[in-house]
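This note sets out some points for a colleague who is reading the structure alongside the sequence.

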Amino acid sequence: MANTGGTEGSYTVVLKINGVTEAEKSVTVAAGGSQIVTFSVTKEDAASYSVTVDGLSGSFTVVVAPPVPAAFSVSNLSVQPAEVPTGEAVTIDVAVTNTGGTQGSYTVVLKINGVKEADRTVTIDAGDTLNIIFPVTEEDAGSYSVTVDGLSGSFTVVAPPAINWPLLGGIIGGVIVVGLLVSFLVFRRRAY
């Protein structure tokens, strides 16, 4: 805004958007001087807008920002129990969170000792978390490493104690012999 006159003066600058007064600013400018007048406008609706300021015109367009795509993080790996007998299940549990702005699908991969054991594809809404559970049963005794998308854990499978068949046979045989002896003595006593 410029003052082309010979004395200081005040002037009201009017901003119109789509023909409607949006804002006004009063400025005082010295004779022969100029001053920059700035308006800041925010519009919520996506559209094109025409702008006029004292005979000057322009336009701007508001666009809708694209949604943030789905993004996933895996956390809270749990392996329970840490030790089981052969043939019993271990429960492997992880939390998968969609940290993005839209619903999406993600495949969780479980590896045991570096070999893919199972996978599960899940669909999760933006901002939601889903717990994924993998039951695992191993028949061989030993230690097993678990990895799920960079997280790691482990569990141990123990063999049941071995049965000493000769000892067990001797005990059972001894019980039978004692039982027969007691029966013989009771029978013999009654015979008298």
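Which residue is the bridge partner of valine 148 in strand 12? The partner is leucine 151. The points below place this pair in its setting; please keep in mind that the model is predicted.

1. Overall composition. The protein chain has 192 residues, of which 18% are buried. Its secondary structure comprises 12 strands and 1 helix.

2. Surface and contacts. Considering contacts between residues at least 6 apart in sequence, 53% join residues at least 24 apart.

3. An open sheet of 5 strands has the order 6-12-11-8-9, with mixed pairing. Its edges are strand 6 (83-85) and strand 9 (115-124), each of which pairs on one side only. On average, neighbouring strands of this sheet are turned by 25° against each other, direction ignored.

4. Strands 11 and 12. Strand 11 (residues 142-148) and strand 12 run antiparallel and are joined by 7 bridges. The pair raised in the opening question, valine 148 and leucine 151, belongs to this part of the sheet. The two strands form a hairpin with 2 residues between them, and within this hairpin aspartate 149 takes a positive phi near 45°.

5. Strands 6 and 12. The pairing of strand 6 with strand 12 (residues 151-158) is parallel and spans 3 bridges. Valine 84 has valine 157 in strand 12 as its bridge partner.

6. Strands 8 and 9. Strand 8 (residues 104-112) runs antiparallel to strand 9, and 9 bridges join the two. Aspartate 119 in strand 9 is the bridge partner of valine 109. The side chain of aspartate 119 also meets that of lysine 116 in a salt bridge, at 2.7 Å from N to O. Aspartate 119 counts as partly exposed, because its relative accessibility is 37% and that class lies between under 20% for buried and over 50% for exposed.

7. Another open sheet is formed by 3 strands in the order 5-7-10, with antiparallel pairing. Strand 5 (72-80) and strand 10 (129-137) are its edge strands, each pairing on one side only. From one strand to the next, the twist averages 20°. Strand 7 (residues 89-98) is joined to strand 10 by 9 bridges, and these strands run antiparallel. Aspartate 93 stands opposite isoleucine 133 in strand 10.

8. Salt bridges. Side chains of opposite charge can pair when their charged atoms come close. How many salt bridges does the count come to? The count is 2. One of them joins the side chains of glutamate 22 and lysine 43, at 3.2 Å from N to O. Glutamate 22 lies in strand 2 (residues 20-29), whereas lysine 43 lies in the loop between strand 2 and strand 3 (47-53), so the pair ties together parts that are 21 residues apart in sequence. Glutamate 22 is partly exposed at 35% relative accessibility, and lysine 43 is also partly exposed, with a relative accessible area of 26%.

Definitions and conventions:
Residues numbered from 1 in each chain as written. Predicted model: local features only at pLDDT ≥ 70, side-chain atom pairs only at ≥ 80, totals over all residues. Heavy atoms only, no water. Pairing = 2+ DSSP bridges. Helix = DSSP H or I, 4+ residues; strand = E, 2+ residues; numbered from the N terminus. Axes fitted to C-alpha atoms, helices over the stretch in contact; angles between N-to-C directions. Buried < 20%, exposed > 50% of the residue type's maximum accessible area, 1.4 Å probe, protein only. Contact = heavy atoms within 4.5 Å. Salt bridge = Lys/Arg side-chain N within 4 Å of Asp/Glu carboxyl O.
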